[in-house]
Amino acid sequence: MKDIKVDTFKISSQINIEDLPTSYDLDESEKKIEKELRKVSRDLAEIQNKMYAHGKYAVLFCIQGMDTAGKDSLIREVFKEFNVRGIVAHSFKKPTDLELKHDYLWRHIKALPARGKFGIFNRTHYENVLVTRVHPEYLMYENMPNVNSLDDVDDAFWERRFNEINNFEKHIADNGTIIFKFFLNISKDEQKNRLLRRLNKPNKNWKFSPDDLDERAHWDSYQSCYEDAINRTSNENTPWFNIPADDKPTARYIVAKILYDTLKKYDDIKEPELPAHQKANIDLYREQLENE
């Protein structure tokens, strides 16, 4: 199997989204890839256990991609070895009435993981510069000052919003949150195949919605917005990773390997030691229990 290098997938310069690969050959069978994924997932779970005890860092796992890109199944497979106490997942859908009474980042801020935990954002704060950019009419529901019509949603509006997102991420990163941002990059042809599978398999029909076709009609607009969002927000400390997503097992393994290879470099993540006076009395504590 090919050795995965983090920098191969990290976006560290301006990109043209058409140049980013949607497939990647690991030179291995699907069965072997899945076996390696389970191993990396167990290794990640060990790091998470130390993080939970250590309580110094949090991890924010952000995943974005077009419909059918495989977000849900990737999360399930990458984190299946984790202890549930150390992981919290959020899937951000259409804002509720309460959420619309706050600024657009509010619902994401209150969902941030505590130190020691992994937080998963399945669709993220970037929906606010993706979906609302393709469908700016949705912004009218936010009832924002100085935005009274679509004419007010100009280049300066989006520039301000990108700056707010960059500042938000810098703030939480500076305060102990390790941020990963993954773009599951699926080709238009593969999305078509996956939508057809949902229609052709009765047990998958429930996953299909006519809205999927409506959004597919905006494919080019979404690709343009993803390109702009990535270029404006992929920074040294909070980079985006392009994950070729046409093959699901490959995408899952690449994501897991990037997580593991990055986190294992944090050599200050370690299980805390008992205070000296307690450590010195371990034999006494053991004896007390054994003599009950």
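Mentor: On a 1 Å grid over the protein atoms alone, a cavity is a set of points where a 1.4 Å probe fits but cannot get out; a pocket is an open set with protein on both sides within 12 Å along at least five of seven lines, and lining residues have an atom within 4 Å of a point. Points are joined across faces, edges and corners, and a volume is the space filled by probe spheres set on them. By this rule there is one cavity of 30 Å³ or more. This is a predicted model, where local features need pLDDT of at least 70 and side-chain atom pairs pLDDT 80 or more, while totals for chains, interfaces and linings use all residues. Residues are numbered from 1 along each chain as its sequence is written, and side-chain values use heavy atoms, leaving out hydrogens and water.

Trainee: What volume does the largest cavity have, and which residues line it?

Mentor: Its volume is about 80 Å³. The lining includes Pro95, His102, Trp106 and Glu142. Helices (H or I, at least four residues) and strands (E, at least two) are DSSP runs, numbered from the N terminus; α4 (97–100) and α5 (106–109) are the elements that give two or more residues to this lining.

Trainee: And what about the largest pocket?

Mentor: That one has a volume of about 1600 Å³. Of its 45 lining residues, Asp67, Lys71, Lys93, Arg123 and Asp212 are the closest to the centre. For classes, Ala, Val, Leu, Ile, Met, Phe, Trp, Tyr, Cys and Pro count as nonpolar, Asp, Glu, Lys and Arg as charged, and the others, Gly among them, as polar. Here the lining splits into 12 nonpolar, 11 polar and 22 charged residues.

Trainee: Which element gives the most to the lining of the second largest pocket?

Mentor: β5 does, with four residues. This pocket holds about 420 Å³ of space, and Ile178, Glu236, Asn237, Thr262 and Tyr266 lie nearest its centre among 18 lining residues.

Trainee: How many residues are in the largest nonpolar core?

Mentor: A nonpolar core is a set of buried (under 20% relative accessible area, 1.4 Å probe, protein chains only) Ala, Val, Leu, Ile, Met, Phe, Trp, Tyr and Cys residues joined through side-chain atoms within 4.5 Å. The largest has 77 residues, and Phe61, Phe79, Phe182, Ile243 and Leu259 have the most contacts inside it. Its largest share, eight residues, comes from α11.

Notes:
Buried < 20%, exposed > 50% of the residue type's maximum accessible area, 1.4 Å probe, protein only.
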